[in-house]
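Colleague: I would like to go through this model feature by feature. Please give the general idea each time, then the case at hand.

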Amino acid sequence: MSTPKILHITVEDHVAILEIHRPASKNSLNAELLDALARHLAALRDDDGIRAVIITGADGTFCAGADITGFDKLRDAALLGAREEFGGTFWSDLATFPKPVIAAIEGLALGGGCELALACDIAIAGESAKFAVPEVKLGVIPGAGGTQRLVGAVGKSKAMAMLLSGDFRTADQACAAGLIAETVPDGEALASARALAQRIAKNSPLAVALAKDAALRALETSLAQGLEHEKRNFHIAVRSADCHEGQSAFLAKRAPAFTGK
């Protein structure tokens, strides 16, 4: 009997959609799934035909968090002095992915699922979606960037309230706080994410990558260093063939044909 696929991949109009498919566990994250995500991201990173990526979940749930049946292995490793990273290279691969990544969220985005949304560049959620980082209720803390990225997304006070209580937030609350970009009617998160991804895919792939890179630098450096990095990326963009094509297309009143060069 074949093993069911836990990650479904579709590609259309330069957009790759990665759909987590572990409905029996509410799409919880285990080592196998994270390895599959890492492998597919690695392939998409070098695929010039892909200009944006969407991560979503099957059956009306984004991701209910880490599969806690795998905690014993992490605990045993920690007791032996090892610092085994849950998901191996996946989280760093996602954080350094050069193309835009959009989370399309329905239902639950809890724990590792909330961290997954935070690690994406943009998140869009159905109006009934729920968000939380409830790890403290299990005697642990977020271990995939949640404490760091949540503070960056919503600010210290709101992040502390979520991290230390484990309380849920509605989609509207998450949007108002800055955790997600937009709420949409239930069932429409993927369609909205796809429409946004296709609009992004029409732009210069080089300019999009440089803009993403510069924006992420703002989270890691001082304003002066960030401005210097932005200037560097601007000069790369303005010398590109895509810049020349964009200007030529604008003046000729035609759609640009960007190549990412």
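This is a predicted model: local features need pLDDT of at least 70, side-chain atom pairs count only at pLDDT 80 or more; totals for chains, interfaces and linings use all residues.

Modeller: Residues are numbered from 1 along each chain as its sequence is written, and side-chain values use heavy atoms, with hydrogens and water left out.

Colleague: In what order do the three strands of the open sheet lie?

Modeller: Strands of a sheet pair through backbone hydrogen bonds, parallel or antiparallel. Strands here are DSSP runs of E of at least two residues, and helices are runs of H or I of at least four; two strands pair if DSSP finds at least two bridges between them. The order is β5-β7-β8, with mixed pairing. β5 (108–110) and β8 (169–170) are the edge strands, each pairing on one side only. β7 (residues 130–132) and β8 run antiparallel, joined by two bridges, and Phe131 stands opposite Arg169 in β8.

Colleague: Is Cys120 buried or exposed?

Modeller: Buried means under 20% relative accessible area, exposed over 50%, and partly exposed in between (1.4 Å probe, protein chains only). Cys120 is buried because its relative accessibility is 7%. Cys120 sits in the loop between α4 (112–119) and β6 (122–126).

Colleague: Where is Asp172, and how accessible is Asp172?

Modeller: Asp172 belongs to helix α7 (residues 171–177). Its relative accessible area is 52%, so Asp172 counts as exposed.
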